[in-house]
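The sequence and the structure are shown first.

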Amino acid sequence: MNGIAGARGERIATAARSDTGATGLRTRMVGRFGRDDAGARATVVGWVHRRRDLGGLIFLDLRDRSGLLQVSLGPEWTDPESMVRAHRLGSEDVISVTGEVVLRPRTARNPEIATGEIEVQAARLEVLNRAATPEIPVYRSSADELPDEELRLRHRHLDLRREELQENLALRHSLILAARNYFDALGFLEIETPILTKTTPEGARDYLVPSRVHPGEFYALPQSPQIYKQLLMTAGYDRYFQIARCFRDEDLRADRQPEFTQIDVEASFVEPRDIIGWIEGLMTVLAGVAGIRAARPFPTLAHAEAMDRFGSDRPDLRWGLEIADWTGPLGTLDFPVLRRALEGGGRIRGLRVEGGNRLSRKQLGACDRAARRAGAPGLLWAKRSGEGGSGPLSRWLGEGEWSATGARPGDLLLLAAGPDGMTSPALAAVRSAVIREMVLPPEREYAWLWVLDFPLFEETDGALSPGHHPFVLPHPDDLDRLAEAPLGVRGLAYDLVYNGSELGSGSIRIHRPELQRRVLRILGMGEEEIDRRFAFLLEALGSGAPPHGGIGLGLDRIVKDFIGAGSLRDVIAFPKTTAARALFEGAPTPLSGRELEELGLEVRAAGRRGPG
């Protein structure tokens, strides 16, 4: 368990000790006992974590969510029937023990656990439930080698007994509670919005739910509560938040799940600085719960500057390695690749890696592959030494070019040439590869950032699409470009980035119906489609909607990034695989012919289109 996780677990345990967990079946949870309880009679319950049978004496490690407690059984203090039961116990059996809390001998104390100074000498033991032999080991620390993840997901009820996952979910609970208290103190109302709704364009495919009572018609599960929270602003609720469930039918990876939880926020009569201020306050509170630092105010970067300096709209500022534009000093070189890039209207950009000469050919190959995977045809490089340099580009570089790039002996230049749409993601990938291959230590432990002024529109295959979603308010300075140069229009949008991960995305919304209709037209929608899909929103905006804006923060990702987990599956109780399957429950499943008929559905072979 890393330091953050260990400290977090102690804080959570300390906070929980005010409630010992006493019920009709137990005196308290096992982890709530300490040396001050010596001499007390107690009843404890839990799972048999480990049994050590020494013949005349039996020692059990009894486990529940709060920790471990040693139980000892011996013929001098335990009734005979209980001794027989204890000899037959297996791993994960559920038991009840009544006895006296005693101090362990000094030589037998265990400093590794909170209850290591004491044990319960059992007078009586009852078996509450027998357990089948566990399919996977239970309650192993993160330092142990775990079974294959797919196997753990198939037996998630056992995997969830692991200390690490229990701490992760306890932190998740604490963050949600802190968020609710924070927003309540600011006068926000928590209001639930529908799960069964209608499809809206938010950048991913919808999960659809057929209606039995309206054959041929479908609900959509919400990708976010976006439109409903805007409607709440038009209704005068002023400040809203919700711990919202959201659904997106998209290709999955470690930081995506088909269903996820969002801290959703909206407020009226606000500017970006209002939302940013509130969210910085929230993140300071949540970071404090998790034991990390969040110093306000967070730095800001315009989207265009972030892309120019780091090639990414979510740069990891723990490292200062920045992209430079070398079109001027290198643009006159008679190097074919560079010449063709400039003739096509591109730029020459790259990274100066201090001390990068120590990268081997194999490591440079990893950087080149990173650039190619990100869409570049390849990566140019040159190493500077005391008398010149080495690498494909080095013989083209004279003293003037070396100096213009800032390269000193021992440094490495990594270049990509072409349009920014290609070189930015390529150099961002190369930057990450350099950090990884050189094992560069971070310059700071926690890097918070706001990225502002995103493009209102993006272009894909000649068609415009929303940069965030179609409800973002255009930047007031760019309104006169909306008709003639829409790709140059910025939106009043902002993303929160932490250590290179996007934690949330928000914007000020369009609150005038005529401007909303205009933006939808620019996105290629006809009047009939606009009315069919958005008449209710336009009607609400036309009823006197206030200026409003908000943000959605990914709770799963916040927990994951705060603890440094490798996957969202480590912070969700019952996650899906990258194939969007729930292995424990066995979902999704086919429907019977009768069930399909009730819903007016027909299943056809993959690749064939059916009605609806």
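In this predicted model, Thr 193 has a relative accessible area of 14% and is therefore buried, the cut-off being under 20%. Thr 193 lies in the loop that runs between β6 (189-190) and β7 (208-210). Its side chain forms a polar contact of 3.0 Å with the side chain of Gln 242. Beyond the neighbours within four places in sequence, Thr 193 is in contact with Pro 225, Tyr 228, Leu 232 and Tyr 240, as well as with Gln 242.

| Helix pair | Angle between axes | Distance between axes |
|---|---|---|
| α14 (residues 513-522) and α15 (residues 527-541) | about 155° | 10 Å |
| α5 (residues 163-185) and α16 (residues 555-563) | roughly 120° | within 10 Å |

With an angle of about 155°, α14 and α15 are roughly antiparallel to each other, because angles over 145 degrees count as such. Their crossing is right-handed. On the α14 side, the contact is made by Pro 513, Gln 516, Arg 517, Leu 520 and Arg 521, and α15 contributes Glu 527, Ile 530, Asp 531, Phe 534, Leu 538 and Leu 541. By class, this contact has 6 nonpolar, 1 polar and 4 charged residues.

For the other pair, the axes cross at roughly 120°, which means that α5 is oblique to α16. The crossing of α5 and α16 is right-handed. Asn 168, Leu 171, Arg 172, Leu 175 and Ile 176 of α5 meet Leu 555, Asp 556, Ile 558, Val 559, Phe 562 and Ile 563 of α16. The contact of α5 with α16 has 8 nonpolar, 1 polar and 2 charged residues.

Note on methods:
Residues numbered from 1 in each chain as written. Predicted model: local features only at pLDDT ≥ 70, side-chain atom pairs only at ≥ 80, totals over all residues. Heavy atoms only, no water. Helix = DSSP H or I, 4+ residues; strand = E, 2+ residues; numbered from the N terminus. Buried < 20%, exposed > 50% of the residue type's maximum accessible area, 1.4 Å probe, protein only. Polar contact = N/O pair within 3.5 Å; in protein donor to acceptor, adjacent residues only side chain to side chain. Contact = heavy atoms within 4.5 Å. Axes fitted to C-alpha atoms, helices over the stretch in contact; angles between N-to-C directions. Parallel < 35°, antiparallel > 145°, perpendicular 65-115°, else oblique. Left-handed = near helix turned anticlockwise from the far one by under 90°. Nonpolar A, V, L, I, M, F, W, Y, C, P; charged D, E, K, R; others polar.
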